[in-house]
Amino acid sequence: SSDTDGDLLPDYNEVTQHGTDPANPDTDGDGLSDHDELSYEGADPTNYDSDGDGLNDYEEVLYGASSETGDYDGDGLTDYEEAKVYFSLPYSPDGDGDMLGDYEEAKVYGTNPISPDGDGDGLWDYNEVTDFMTDPNDADSDDDGYSDGFEVSEGYDPLDASDPGPMN
């Protein structure tokens, strides 16, 4: 059986079974051969973006996601948002490992889902939100001139500007 485009799919099967172009190894032009797409979970060799999430099927493979669903890790952000907007990992619901999910960081708290300490104060975003109730986007939540992380490490309340600072 002939394989005009060399994509390891017989021409007859491309026409009768898959609806792909036997003269083009990548019918939809997404960067994956028709054969590879048929081997990849959820990919359709006639559809550039099989799951409609904004990442083409080749990019799904590149980022470790899936062409079957638009939110591979189920965290509430589309694979496209994670890969192209927040530069996080579409296959991991917590790209920076700080125990605060990517969706929460991006959509709820406005923190960076790939930086565990977005404001650089020495406290992880998760701890600021859950333990200290400080602002994970403001290194000095009480505006007293001392970072939240420093105040916590010295035993002071990072939300109380009247706390005697370590220099007082």
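Here are some friendly notes on the predicted model above, for a first look at the chain.

1. **Overall make-up.** The chain has seven helices and zero strands. Read from the N terminus, its elements run α-α-α-α-α-α-α.

2. **Overall dimensions.** The radius of gyration of the chain is 24 Å, whereas a compact globule of 168 residues would have one near 15 Å.

3. **Contacts and surface.** Of the contacts in the chain with a separation of 6 or more, 26% are between residues 24 or more positions apart. Buried residues account for 40% of the 168 residues. The accessible surface comes to about 8,300 Å², and carbon and sulfur atoms supply 50% of that surface.

4. Is Glu 59 buried or exposed? Glu 59 counts as buried because its relative accessibility is 17%, and the cut-off for buried is under 20%. This residue sits in helix 3, which covers residues 57-62. Its side chain makes a polar contact with the side chain of Lys 84, at 2.8 Å. Once neighbours within four places in sequence are set aside, Glu 59 is in contact with Gly 54 and Lys 84.

5. **Helix 5 and its buried face.** Which residues are buried in helix 5? In this helix, residues 102-109, they are Asp 102, Glu 105 and Ala 106. Viewed down the helix axis, the buried residues of helix 5 fall within an arc of 85 degrees, so they line one face of the helix.

6. **What helix 5 packs against.** The partners of the buried residues in helix 5 are helix 4 (79-85) and helix 6 (125-132). After helix 5 comes Gly 110, which has a positive phi, near 70 degrees.

7. **An aromatic pair.** How many aromatic pairs are there? The count comes to one. Tyr 146 and Phe 150 form a stacked pair because their ring centres are 6.0 Å apart and their planes lie at 25 degrees, with planes under 30 degrees apart counting as stacked. Tyr 146 is partly exposed, at 22% relative accessibility. Phe 150 is also partly exposed, with a relative accessible area of 32%.

Definitions and conventions. Residues numbered from 1 in each chain as written. Predicted model: local features only at pLDDT ≥ 70, side-chain atom pairs only at ≥ 80, totals over all residues. Heavy atoms only, no water. Helix = DSSP H or I, 4+ residues; strand = E, 2+ residues; numbered from the N terminus. Buried < 20%, exposed > 50% of the residue type's maximum accessible area, 1.4 Å probe, protein only. Polar contact = N/O pair within 3.5 Å; in protein donor to acceptor, adjacent residues only side chain to side chain. Contact = heavy atoms within 4.5 Å. Rg over C-alpha atoms; globule rule 2.2 N^0.38 Å. Areas by Shrake-Rupley, 256 points an atom, 1.4 Å probe, with all protein chains shown as cover. Phe/Tyr/Trp six-rings, centres within 6.5 Å; stacked < 30°, edge-to-face > 60°. Arc of directions from axis to C-beta.
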